[in-house]
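Subject: Structure handover

Hello,

I am passing this structure on to you, with notes on what was found in it. Please look through it before reading on.

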Amino acid sequence: MTCRVEFRVDLHIHTCLSPCADLMMTPCRIVEKAASLGINIIAICDHNSIENVEVTKGLAEEKGINVISGIEVTSSEEVHIIGLFRDMKDAIKIQDIVYENLQPGENDEKAFGMQVVVNERDEVLDFNKRLLIGSTRLSVNKIVEIIHSLCGLAIAAHIDRGGFGIIGQLGFIPPDIKFDALEISHRITVEEAKIRFGEYSHIPWIKASDAHNLNDIGRSSTDFFMNHSTFDELCLALKGEEGRMVIL
């Protein structure tokens with residue numbers, strides 16, 4: 001069956017929980033901005049934490065936007081890996097593992113920024129004191145293995161970036177690491193990416209905003225042709241099954 005419904009998707013958005021994100025990146029404002037841009041699916045992927053995902057899900061549902069539970073984990077090699085999950089219980093499981101493996105110490109708000117957990121009214125519930133900006137003791141291989149054990153999608157973040165991109169950090173993408181997709185940032189066109197990273201064209205590519213402020217949301221996104229705006233449909237589209245596809 002051919003799928004003919006086009007969904008606009010941004011699978012890499014940070015909230016005010018990420019220390020490097022603007023404090024205006026609250027769930028409520030993120031949802032309002034995404035809705036104004038006609039984005040159908042977003043993924044909240046804060047650094048090493050999922051504590052603002054659930055509240056964003058609730059707000060987005062009212063706007064007809066599906067929020068994918070996500071996290072951006074920093075490996076021991078300082079590579080950023082995005083994990084996307086079907087539901088919150090799996091996201092909570094990886095958060096527990098990440099928290100157990102984070103570098104010791106507390107966040108320095110003056111050096112890195114505040115890590116704010118908020119409710120649906122943008123009221124502050126807590127300040128996460130963990131060192132979310134830091135790396136974990138988990139290797140890239142181990143992170144991908146954990147994500148897949150939870151039936152999640154493992155995506156190599158912004159592979160065109162020198163810092164925190166897997167190619168910039170390791171020099172290449174090891175063939176034994178089975179990524180579900182590679183993310184191309186807004187810094188490079190698809191045509192440029194094909195020239196630079198053509199050897200990895202057998203892995204699905206996506207574009208996402210990696211938004212750290214409201215104006216960044218949707219600046220880079222991917223169109224998915226699917227039956228519905230669900231996690232399972234995203235998985236099928238990345239595999240190109242039964243007419244589903246990714247359009248860059």
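Contact here means that heavy atoms lie within 4.5 Å of each other. Please keep in mind that the model is predicted.

By that definition, and leaving out residues up to four places away in sequence, Thr-136 touches Asn-48, Val-73, Thr-74, Ser-75, Ser-76, Val-98, Asn-101, Leu-102 and Ile-143. Thr-136 sits in the loop between strand S6 (124–127) and H5. Is Thr-136 buried or exposed? Its relative accessibility is 4%, and the cut-off for buried is under 20%, so Thr-136 counts as buried. The side chain of Thr-136 also reaches the backbone nitrogen of Leu-138, at 3.1 Å.

Two residues in that contact list, Val-98 and Asn-101, are also among the buried residues of helix H3. This helix covers residues 88–101, which makes 14 residues. From first C-alpha to last, H3 reaches 20 Å, close to the 20 Å expected at 1.5 Å a residue. What do the buried residues of H3 pack against? Their partners are helices H2 (53–62) and H5 (140–149), together with strands S3 (66–74) and S4 (80–85).

Next, the backbone angles. Most residues other than glycine have a negative phi. Asn-48, another contact of Thr-136, has a positive phi near 55°. Asn-48 is found in the loop between S2 and H2, and with a relative accessible area of 0% it is buried. Glu-78 is not a glycine either, and its phi is positive at about 65°. This residue lies in the loop between S3 and S4.

Last, the strand pairing around S1 (residues 5–13). S1 pairs with strand S10 (residues 222–226) in the antiparallel sense, over five bridges. Within this pairing, Glu-6 stands opposite Phe-225. S1 is also joined to strand S2 (residues 41–44) by three bridges, and these two strands run parallel. There, Asp-10 has Ile-42 as its bridge partner. Between S1 and S2 the chain passes through helix H1 (residues 27–36), giving a right-handed β-α-β crossover.

Regards

Terms used. Residues numbered from 1 in each chain as written. Predicted model: local features only at pLDDT ≥ 70, side-chain atom pairs only at ≥ 80, totals over all residues. Heavy atoms only, no water. Helix = DSSP H or I, 4+ residues; strand = E, 2+ residues; numbered from the N terminus. Expected span 1.5 Å × (residues − 1). Buried < 20%, exposed > 50% of the residue type's maximum accessible area, 1.4 Å probe, protein only. Polar contact = N/O pair within 3.5 Å; in protein donor to acceptor, adjacent residues only side chain to side chain. Pairing = 2+ DSSP bridges. Right-handed = clockwise from strand over helix to strand, strands pointing away.
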